[in-house]
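I opened my notebook to see what I could look up in this chain. Come along and read the entries with me.

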Amino acid sequence: MSDISRDIPVEELFVEGPSGSRRDFLKWCGITISAAVLAACEKTPVKYALPYVKKPAEQLPSVPDYYASSFFDGQIFQSVLVKVRDGRPIKVEGNPSYPLTEGGTHARGQASVLSLYDHTRLQKPTIDGQPADWSALGTAFMDQLKAQDAQGKLIYLITPPIISPSLQALINEWLKAFKNARHIVYEAESYDALLSAHEALFGRRVLPTYRFDKAEVIVGFNADFLGTWIDPTTFARQWSQNRGLYAGKTDMSLHIQFESVPTITGLSADRRVAASPQEIQQAIVSLYNHLAEKAGQPPISSEKWDTPKGDVAYAAERLWQARGKALVVTRSHSPAVQAMVAGINWLLDSYGHTAFVTPACHLRSGKDSDFDAFLQAAEAGQVGAVIFYQVNPAYDYPESPKVQAILKSIPITAAIHTHAHETAQLCKYNFAEDHYLESWGDAQPYEGLYTLQQPTIPRIFSTRSFAEILLGWLGRSDSYLEYLQAFWAKNIYPAYRDYVKGREANKIQPFWPEREGLLPTDTVENFWVRALERGVVAMTAQPAAQPEAKWAPAQWAQMLPPAEEEGLTLYLYEKVGIGDGTQAGNPWLQELPDPVSRVAWDNYAVISPVLARQLNLQTNDVVQLSVGGQTLKLPVYVLPGTDPKTIGVAVGYGRTAGGRAAVGVGQNAYPLYQRLSSGQRTCSAPGVTLQKTTETYQLARIQQWETYVGREYVREASLSAYKADPHAGNHEEPELINLWWIEHPQPGHRWGMAIDLTTCIGCGACVVACVAENNIPVVGRDEVRRGRDMHWIRIDRYFTSTKGHTGKPEEFPAAPPEDFPRAFFQPMLCQHCDHAPCETVCPVLAIAHSSEGINQQVYNRCVGTRYCANNCPYKVRRFNWFDYTNAERWVFNPVDELGRMVLNPDVTVRARGVMEKCSFCVQRIQAAKLEAKKAQRPLRDGDVKTACQQACPTGGIVFGDLNDPESLVSKRAAEPRGYYALSELNVRPSIRYMVKVRNEELPQPQHA
């Protein structure tokens, strides 16, 4: 404040008296305002906009470029298109050329662009915590490794699965420089059991390639293949292809899921059975015995355990009817249990039809015993150096204190990562790694299917890719791009040329659906350029046969884990957003609510309502879990559908380093992992005790209601009813009273959306895509607790309830869900109603209805009365309670100079006191119109895709022009399954939902 304002007698301005005239009041007000303006001007920083000296010819201001690339965080793989605006990546989309996902994405892939602009990344290499120069970490570091090797000490390189063929070749070359070097793969979520079982049966230590699109009957046992298991984006796309009921189609696959803790896979299934981990093992053995009897094979035992509803026998019957078109999968960490499931698929003739050992999946390759051998060698003093690349065992290894102690005894310890995580902080050398959007690379997620990775921005910090670090250690002068091009010219190009010759001669049939034509093979240069442009090279041929299975059921039966003790069992699982914790530092993923519990920012102990009543527990009560000598305090979340004998806890939380959003969020559950007699880590642990404390902890729940209490948000029908009547589950709306006399003529375009509840799996990819596209702020745990989340689209999760009510508001809380209910996922966003209740109550006309049917929010006119939010029956409008660009308070938002580089310049960053909501991605509509105008043609169906539609892995969201009778959205809207949410209000929404159809012939089962 200036000196002038300090001298103003403010107290006299509001006191009546001889000197308190109106003229004096106005005079002092004028002086005060002028002083305030001058003071503000003095504090305004000066910023300079510097023009190009020589502008790149290919770069046009405001015109985005798209680059094909690849994303792999050790768990989720995606072939992506990166949107680059004025030299900075701002959005990650699915690559439509990738044949497995057709443009669909996962929430973690969508959020990965934010971590590029994270200022908590390692910005340069360090030695003993001090900044270092890369020159000291090249051949000089290599000489230290060779000195340890010369002394007979082991050199360990520990990495996640390496799916890059060129990087694997470079690692192999580096290993040859030593006599005692070892390369092992470490995974926090182990797939060793699945790999070991198939190695014993088929002689190949690989994951099978699963084809859910070829399966008519699917049975899953604790395998969340739509959310977290192996390759969920691919599996979701395949699963959905047999679930769509359009254009008269009346057949769909049957999906039965046995699981201990509800997942999006189980809640999306036709029949879901809640069972403990031990009961699931019994169900697998019983299922094998049922099928062996039908196949004329000897059973492994006389056991035919089943649920009270006979779900195992029912599953066996349906699987046997679909031989050759059936598939069974499990998450079990026991090799024997995985072998039993492989035996079931063998009895069903699934190998070669819905499961393939050739071609194989390369996304997992870890072996638990390899890391155990490293620890034993280190304890014996035999390890001279260890290099951790993109792994963090000091956090996610169950016996992490042992890892921390061992690292102190190894002479050379190094970590290569983007962040200084828990393991990196214990290492002497830290190599600052490139973000994947800054570096070159390639990938082979499946045998014969290759993708490329290319930089989309110059390096922000002094970092390098792992491949460049290896080249530096080897003393090579070539860049990784040169090495990559030479590798592809020598290995990939000749193989693809032979594949093309076989295709042209009709000697080879493609294994994957061909999305586009073949690449040119006239010269290696043309091949490279086109492959880089497309991002995908698919040359997987249909196999002639599968390896012969060496199936010895009696031998595997003897290796099955023994029956667990009676009592409670702990079950550890991964959430869709956070996964194993690798991306726990990403605020977009932390604020993404879990699709099942609808809780953000924390993990918790999931228990059944049955167990909650027995122990007198409620959601938010804090309990102490004890198992295997480990204890953990967690809040309780009472989740319907959970097995009463099981307690579920998500891993990936409780980080102490690795980004501001990761630290101090939740509790680390990795120490609760136990070991099987075969040596593998297992996610289930019997004998857990649970003790209630006097503490409570408020979880950040996005959704406070569990059921739709009779209001017609969602509608459902059985497949048999749908076959008899396509309008099943739907009904004709009576003529309703119209409270609005205004009509909105839409002679040109009329934008609308259709959402299929049958294929919506609640994965949340659309939510993160909307956040990235529309600059939606992260408000943090406390604001979410207050109901102030800012997501423009939410995925409501509803449970069925047997409690009736008359519709009176006071009876709504009296409609709790069933203990073992059916569930529904429903994307809910602004419905863009023609008779919008929000428009008529805004006192400043900040809400306008466009001539194309879009409910528009005028930010600079809004004064924040929030009348519109009160009047919206769908509760989809969001209010900016604070200035979320404040760097001091809202630290998880892109508020600094680096973080703001992720913002989409086509979308306004909203100010405090302004209402906001879904805009149907109007900026994309306008961009498509401009492109059509430049091409002198009308808009075509598919020219405009909203962010949520483009991200959806199942294709459940369709957007377009409802005035175009040939558009896909018009055809979907005309389907007999179509209905409007809360249609009785007659607000005439522009979003049409499709009735959810379940392929269930028996009543929904209860718990096992």
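Entry 1: I started with Glu279 and Lys645, whose side chains meet in a salt bridge at 3.2 Å, N to O. My rule for a salt bridge is a side-chain nitrogen of Lys or Arg within 4 Å of a carboxyl oxygen of Asp or Glu. Glu279 sits in helix H10 (residues 277-295) and Lys645 in the loop between strand E24 (630-638) and strand E25 (646-650), so this pair links distant parts of the chain, 366 residues apart. Helices (H or I, at least four residues) and strands (E, at least two) are DSSP runs, numbered from the N terminus. Glu279 counts as buried because its relative accessibility is 12%, while Lys645 is partly exposed at 26%. I use buried for under 20% relative accessible area, exposed for over 50% and partly exposed for in between, with a 1.4 Å probe and protein chains only.

**Entry 2: ground rules.** I noted that this is a predicted model, where local features need pLDDT of at least 70 and side-chain atom pairs count only at pLDDT 80 or more, while totals for chains, interfaces and linings use all residues. Residues are numbered from 1 along each chain as its sequence is written, and side-chain values use heavy atoms, with hydrogens and water left out.

Entry 3: I found that the structure holds 51 salt bridges. One of them joins the side chains of Arg121 and Glu438 at 2.9 Å, N to O. Arg121 lies in the loop between helix H4 (107-116) and strand E4 (126-127), and Glu438 in the loop between strand E16 (429-432) and strand E17 (441-446), so the pair ties together parts that are 317 residues apart in sequence. Both Arg121 and Glu438 are buried. Next I looked at Glu468 and Arg459, where the closest N and O atoms of the salt bridge are 2.2 Å apart. Glu468 is partly exposed at 23% relative accessibility, and Arg459 is partly exposed at 37%. I also noted a network in which salt bridges that share partners join Lys91, Glu93, Glu773 and Arg924.

**Entry 4: cysteines.** How many disulfides are there? I counted zero, taking a disulfide as a pair of cysteine sulfur atoms within 2.5 Å. For Cys361, the nearest cysteine sulfur is that of Cys683, 19 Å away. Cys361 is buried, with a relative accessible area of 1%. For Cys948, the nearest one belongs to Cys766, 6.3 Å away. Cys948 is buried as well, at 8%.

**Entry 5: a sheet.** I traced an open sheet of four strands in the order E38-E31-E40-E39, with mixed pairing. Strand E38 (957-961) and strand E39 (978-979) are at the edges with a single partner strand each, so one side of each has no neighbour in the sheet. Strands pair if DSSP finds at least two bridges between them. E31 (residues 751-756) and E38 run antiparallel and are joined by five bridges. Ile755 stands opposite Ile957 in E38.

**Entry 6: one asparagine.** Asn774 lies in helix H23 (residues 765-774) and is buried at 2% relative accessibility. Which residues does Asn774 contact, leaving aside neighbours within four places in sequence? I listed Trp792, Val907, Arg910, Ser919, Cys921 and Gln923, with contact meaning heavy atoms within 4.5 Å.

**Entry 7: the whole chain.** I finished with the overview: the chain has 28 helices and 41 strands. Of its 1008 residues, 60% count as buried.
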